[in-house]
Amino acid sequence: MTYQETLDWMFAQLPMYQKEGKTAFKKDLTNSIALSKELGNPEKKFKTIHVGGTNGKGSTSHMIASVLQEAGYKVGLYTSPHLKNFTERIRINGEEIQQENIIDFISENKQFLEAQKLSFFEMTVGMAFSYFENQKVDIAVIEVGLGGRLDSTNIITPEVSVITNIGLDHTQFLGETLPEIAYEKAGIIKNNVPAVIGERQESIQKVFLSKANDCNSEIVFASDEDYIYKTDLLGDYQSKNVKTAVKAISQLKDFVISEENIKNGLLQVAKNTNLKGRWQILQQEPKIICDTAHNKEGLIYTLAQLKNESFEKLHIVLGVVFDKDLEAILPMFPQNATYYFCKPDIARGLSEKKLKDTAEVFNLIGKSFSSVNQAFESAKLSSTSKDVIYIGGSTFVVAEIL
């Protein structure tokens, strides 16, 4: 099979959560364990750091990887979803996996993958672990896909478990309350493995403390620290992720990481890991900003920063997925903006007309467009050099622009 045929086959096996939603969610680690055994348990051949949470887990993972790279280590990085290319999910020192490696992995394991009925995400995690073993990484930073306890990545025993924060997202899978969601996220805490919690949230901290106690794990809250480091990642919210990343690094044993490595690593995250889509400024006149924040907790910080921007007019290109809680997020958006409602080009994309109709209830006024690019082009045509265009609402909207 060619590379495109290989990807098409992977996407077609079982529904892909990012595109299909709930039907692709599997509450079981049986397949992940079976694939790992078939591959010779590759995840046991290198050290790992496990990063979960509702918001910031991607940025935090990239920060940790960048610092470790600055310290001279060969660092694997597994993240999801990808913005443009599937290869973004699996990287070593910022270099994406080669298309040939993907073709070879599927070709060599296709019979087992079909017989076992593995999902897109399950086989991708197995591919990452196999690749990291073959390339002999010193350590790999593994981002949780969804939840934690039952996520396909949760077959590793890491050097440190990291949970950035807890918010109301993916409630159809993880629970309707913060304690229920925290319980699922806390599932990545392992016996005798230190745990770093990014934010001390009074209503749920006891969930983490209880799990850590059951696992005999040392637990620390990064938000209690006074770390002040600069990072090249724009966005006021990154200060929280910096604290979490630095605290996670401090928990590592048998790794030599200097203060200089930490400073340089945080200042060169985008360069070292090729991270995109976090308060990314695409041009200056008009200023065009895109950000992948898509739930209430993430949008609080992003929209607060947007309101601090200087502009004559604000234009917002907005699209979401159909399982998004619109009544929770739409009241957060500014009413003094012109909106360009659109549907991301995936099965889970919410109709631009439905988004527009719901937004009008909250006095968010604009026009609807059948595609992200049409909305974006209209925003550019309607703006002057002194305006600001913001693109967001969904990772998939940002992906189409990038």
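Arginine 149 is partly exposed, with a relative accessible area of 31%. Here buried means under 20% relative accessible area, exposed means over 50%, and partly exposed lies in between (1.4 Å probe, protein chains only). The model is predicted: local features need pLDDT of at least 70, side-chain atom pairs count only at pLDDT 80 or more, and totals for chains, interfaces and linings use all residues. Residues are numbered from 1 along each chain as its sequence is written, and side-chain values use heavy atoms, with hydrogens and water left out.

**Salt bridges**

- A salt bridge is a side-chain nitrogen of Lys or Arg within 4 Å of a carboxyl oxygen of Asp or Glu. By this rule the count is eleven.
- Arginine 149 meets glutamate 184 in one of them, at 3.0 Å from N to O. Glutamate 184 lies in helix H8 (residues 178-185) and arginine 149 in the loop between strand S5 (139-143) and strand S6 (160-163), so the pair ties together parts that are 35 residues apart in sequence.
- Glutamate 184 is buried, at 12% relative accessible area.
- Lysine 47 forms a salt bridge with aspartate 254, and the closest N and O atoms are 3.7 Å apart. Lysine 47 belongs to strand S1 (residues 47-52), while aspartate 254 sits in the loop between helix H10 (238-250) and helix H11 (259-267), so the pair ties together parts 207 residues apart in sequence.
- Lysine 47 is partly exposed, at 30% relative accessibility. Aspartate 254 is exposed, at 68% relative accessible area.
- Lysine 353 and glutamate 352 also form a salt bridge, with 3.7 Å between the closest N and O atoms. Lysine 353 is exposed at 53% relative accessibility, whereas glutamate 352 is buried at 11% relative accessible area.

**Helix H3**

- Helices (H or I, at least four residues) and strands (E, at least two) are DSSP runs, numbered from the N terminus.
- Helix H3 covers residues 30-39, and its buried residues are Asn31, Ser32, Leu35 and Ser36. Seen down the axis of H3, these buried residues fall within an arc of 135°, so they line one face of the helix. The arc is that of the directions from the helix axis to the C-beta atoms.
- An α-helix has 3.6 residues a turn, so residues three or four places apart point the same way.
- The face of H3 turned away from the buried side carries the exposed residues Ile33 and Lys37.
- The cover over the buried residues of H3 includes helix H5 (99-116) and helix H6 (120-134). Contact means heavy atoms within 4.5 Å.

**Helix H4**

- Helix H4 (residues 57-70) is mostly covered, with 13 of its 14 residues buried.
- At 1.5 Å a residue, the 14 residues of H4 should span 20 Å, and the end C-alpha atoms are 20 Å apart, which agrees. The expected span is 1.5 Å times one less than the number of residues.

**The eight-stranded sheet**

- Eight strands form an open sheet in the order S4-S3-S2-S5-S1-S6-S7-S8, and the pairing is mixed. Two strands pair if DSSP finds at least two bridges between them.
- Strand S4 (95-96) and strand S8 (219-221) stand at the edges, each with a single partner strand, so one side of each is left without a neighbour in the sheet.
- S6 pairs with strand S7 (residues 195-197) in the parallel sense, over three bridges. Alanine 195 in S7 is the bridge partner of serine 161.
- H4 packs on the sheet, touching S1, strand S2 (75-78), strand S3 (90-92) and S5, and its direction makes about 170° with that of S5.
- H6 lies across S2, S3 and S5, running at about 15° to S3. Axes are lines fitted to C-alpha atoms, for helices over the stretch in contact, and angles run from 0 to 180 degrees between N-to-C directions.

**Strand S14**

- In strand S14 (residues 388-392), five of five residues are buried.
- Both faces of S14 are covered, with Val388, Tyr390 and Gly392 buried on one side and Ile389 and Ile391 buried on the other.
- In a regular strand the side chains alternate between the two faces of the sheet.
- Strand S10 (residues 287-290) runs parallel to S14, joined by four bridges. Cysteine 290 stands opposite isoleucine 391 in S14.
- Strand S11 (residues 314-318) pairs with S14 in the parallel sense, over five bridges. Tyrosine 390 in S14 is the bridge partner of isoleucine 316.
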